[in-house]
Amino acid sequence: MDSTVTDTAATPAGPEDGPADSGHSEQNRTEDGEPGADIPKRRRWLRWTALGAAAAVLAAAGTAWSFYQRLDGNIRTDADTSRELEEHAADRPASVVREAVNILVIGSDNRGDGNGKYGRDSGTQRSDTTILLHLAADRKSGTAVSIPRDLMVEIPECTTSDGTTIAPRFAQFNWAFQFAGAGCTIRTVEQMTGIRMDHHAIVDFSGFTEMVDAIGGVEICLAEPVDDSEAHVELPAGRQTLNGEEALGYVRARYSLGDGTDTERMVRQQQFLATMLRQIREDGTLRNPSELFSLLDAATSSLTTDPGLASLKSLYDLADSLRGMPEDGMRFLTVPRQPYRLNANRDELVQPDASLLFEELKNDRPVTAGGGRDEEPGAAESTGAPEPTGSPTGGSAGAGGSGATPLAGLSTPAASAPAGPASPTPQAENGPLCE
């Protein structure tokens, strides 16, 4: 009887009998029919795969957080300016259109902090370039208005970082920054324009060169060679890509290019900036993590801002709000100006053109390049001042400087320019940029 007993523990279950061991299915057996050893192996593989994936995610998150902290830590907060503005809060203009944003961008020619090779460090710094950046409330357009460093303006009483009081004076615009820093510059602009500055950002020389290098240089085209010992730049004529040092020398050069005026240098700076932004947008920098980090690292390292912008999140939120702005949504202008009647080497505002421009910006209305005025001011003729030479943009300087000067062919099509003396003329073969 014992010989006829079936050993179910040793005999594989047939198809009709169902599984002999619910823990081992047919597909998990060896070729000999024995339960396979691949189950624990598979489980171990899945476990290690999951752990590896988790580690990769954590590593990526850690790297991203490290990058974020580095970029965020690069930005310096301008506490002195915040205190200065708070002390004079009662004198500042009120915001009119709250969703609109006005940012004063100051390019500092500070020769300290590693910038000594660009000139002697006298212990002071000046606003080599100042741009009032207005972003419309709907973020569909923006206007960048350059303020000449040699513009004669009323500078209010200001306090320096060491507590020294600077008496109010009528002087050239960049003295405000040289003597009392960004706070004095902001208050001077607000007093002149009636527009409240929501934020400000100071960019230094070294940051500019690093940003240009981070995107692999910027391509320009020169009609003539450039040799400027003061700006430390020597460039051949023709199409070429400038590295950071060359680009800085090019945008700073004054006496070796064109008519030697600061006005022409401002136009060149505007054009270079517009070309640089267009190149960043078109060459894939924003889609390349390595290049994007290098650009952001350079940009944030060069920034000193008010507390409201002094974080990567704040800058990102601002940039993100501009995603819907069309390519031609940003315009670059210069305030309506003409040679100062008492000194042709200085500038003065053309009125009422300047006031009309400021009103348009303050109330977030579309900006008209000529400020709504077609007639020539005639101030130069009545005071006996030298007749101004033609504008480097071919614009209104030849007509006394009437009207803001747009950059035709970049962000403002020539066809859209207003008629009359204030109309800009596109730069063709003599323009510094390749079309």
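A salt bridge is a side-chain nitrogen of Lys or Arg within 4 Å of a carboxyl oxygen of Asp or Glu. This is a predicted model, where local features need pLDDT of at least 70, side-chain atom pairs count only at pLDDT 80 or more, and totals for chains, interfaces and linings use all residues. Residues are numbered from 1 along each chain as its sequence is written, and side-chain values use heavy atoms, leaving out hydrogens and water.

**View A. Arg-187 and Glu-84 form a salt bridge.** The N to O distance is 3.3 Å. Arg-187 sits in helix H3 (residues 175-193) and Glu-84 in helix H2 (residues 79-87), 103 residues apart. Helices are DSSP runs (H or I, at least four residues), numbered from the N terminus. Both Arg-187 and Glu-84 are buried (under 20% relative accessible area; exposed is over 50%, partly exposed in between; 1.4 Å probe, protein chains only).

**View B. Asp-297 pairs with Arg-70.** Their salt bridge spans 2.7 Å, N to O. Asp-297 lies in helix H7 (residues 289-301) and Arg-70 in helix H1 (residues 38-74), so the pair ties together parts 227 residues apart in sequence. Asp-297 is buried, at 14% relative accessibility. Arg-70 is partly exposed, at 46%.

**View C. Arg-323 forms a salt bridge with Asp-320.** The closest N and O atoms are 2.3 Å apart. Arg-323 is exposed, at 62% relative accessibility. Asp-320 is partly exposed, at 31%.

**View D. Helix H5 meets helix H6.** Contact means heavy atoms within 4.5 Å. Among the residues in contact are Tyr-250 in H5 and Phe-272 in H6.

Key: Helix = DSSP H or I, 4+ residues; strand = E, 2+ residues; numbered from the N terminus.
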